[in-house]
Amino acid sequence: GEYGGSSLPSGFPASAMPAPTTSSSGVSVALPMAMEQPATEDDTAGAPAQTRWQQARGVWDRLEASLGVRPWAELTKVTRPRCSQLRPRLQQNLPLYKGNYAVLAIATSLLFCILSPQCIIAAAVLAVVWYFFLKRNSDPEWRTVVAGVELNARTRLLLLAFVSMVIFVIAVGPPLLIGVAVAAVAALAHASCLEAQEGSEEGLLATAPVV
C-alpha cells in the first residue's frame with residue numbers, strides 16, 4: 001500500500017506508521033502512534049525470582065559487613081609455616097580474619113546439624129506436635145488440668161515452648177558443639193599456614209616486639 005504518496009518499505013509493519021487524522025482546516029495530519037511492547041510472561045515470571053535473589057544477597061552482604069568479613073581471596077595464600085612463624089601468623093591472622101572464621105563456624109555447625117539424624121527426627125517430631133497443638137489450643141472448650149491447676153491457652157503455649165526448647169537443645173547440642181570444635185581446629189590450622197599480610201596495621205602491632 002501507499003502512504004503519503006510513497007510505498008512502505010518491505011517488511012515494515014503498517015501498525016508502526018503514524019495514524020492520519022484530519023485537523024479543523026481539513027488538512028490531513030499524521031500523528032505518531034504509541035508503540036509499547038507488553039511485558040511477556042517470561043519477564044513477569046523471572047521478576048519475583050530475581051527479587052528474592054537480591055534480597056538474599058542483601059542479607060548475606062549485611063551479615064558479612066556486621067561480622068567484618070574480609071575478601072575471601074586473601075585466605076588462599078597459604079604456605080607451610082616454619083616453627084618461628086607460627087606465633088606471629090596466629091597473632092595476626094586470627095584477629096584479622098575473625099569474621100571469616102565466624103562464618104566458617106556457622107556454616108560447619110549448620111552442616112553438622114543437618115547431617116545429624118537426631119536433629120532431623122527432633123525437628124520432625126516437634127513440627128508435628130506443634131501443628132496439632134495449635135489446632136487444639138485454639139478450641140475454647142479444651143480444658144487442661146496439671147496437679148489440680150487448670151491451664152489456660154497462654155500457659156499451655158508457654159509450657160510447650162519451654163519443653164520444645166529443652167528437647168531442641170538436647171538434640172542439637174552435641175552436633176552443634178562438634179561443628180564449632182571442628183571449625184575452631186580448622187581456623188587455627190589455616191591461620192598458622194596463611195601468609196602474613198605485609199603492611200597490615202594489625203600485623204605490625206601483633207608482630208612488634210614487646211619492650
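The crossing of α2 and α5 is right-handed, meaning that the near helix is turned clockwise from the far one by less than a right angle. This is a predicted model: local features need pLDDT of at least 70, side-chain atom pairs count only at pLDDT 80 or more, and totals for chains, interfaces and linings use all residues. Residues are numbered from 1 along each chain as its sequence is written, and side-chain values use heavy atoms, with hydrogens and water left out.

Helix α2 covers residues 83–96 and helix α5 residues 153–193. Their axes come within 7 Å and cross at roughly 115 degrees. The pair is therefore roughly perpendicular (65 to 115 degrees). On the α2 side, Leu86, Arg89, Leu90, Asn93 and Leu94 make the contact (heavy atoms within 4.5 Å). On the α5 side stand Ala187, Leu188, Ala191, Ser192 and Cys193. Seven of these contact residues are nonpolar, two polar and one charged.

Asparagine 93 of α2 deserves a look. Is asparagine 93 buried or exposed? Its relative accessibility is 0%, so asparagine 93 counts as buried (under 20% relative accessible area, 1.4 Å probe, protein chains only). A polar atom of its side chain lies 3.0 Å from the backbone oxygen of leucine 194. Beyond neighbours within four places in sequence, asparagine 93 touches Lys98, Tyr101, Ala191, Leu194 and Glu195.

Now turn to helix α3, residues 98–115. The axes of α3 and α5 come within 8 Å and cross at roughly 145 degrees. This crossing is right-handed. Among the α3 residues that meet α5 are Tyr101, Leu104 and Phe112. The contact residues divide into 15 nonpolar, four polar and no charged.

Notes: Axes are lines fitted to C-alpha atoms, for helices over the stretch in contact, and angles run from 0 to 180 degrees between N-to-C directions. Helices (H or I, at least four residues) and strands (E, at least two) are DSSP runs, numbered from the N terminus. Angles under 35 degrees count as roughly parallel, over 145 as roughly antiparallel, 65 to 115 as roughly perpendicular and the rest as oblique. Ala, Val, Leu, Ile, Met, Phe, Trp, Tyr, Cys and Pro count as nonpolar, Asp, Glu, Lys and Arg as charged, and the others, Gly among them, as polar. Buried means under 20% relative accessible area, exposed over 50%, partly exposed in between (1.4 Å probe, protein chains only). A polar contact is a pair of N or O atoms within 3.5 Å; within protein, one must be able to donate a hydrogen and the other to accept it, and residues adjacent in sequence count only if both atoms are side-chain atoms.
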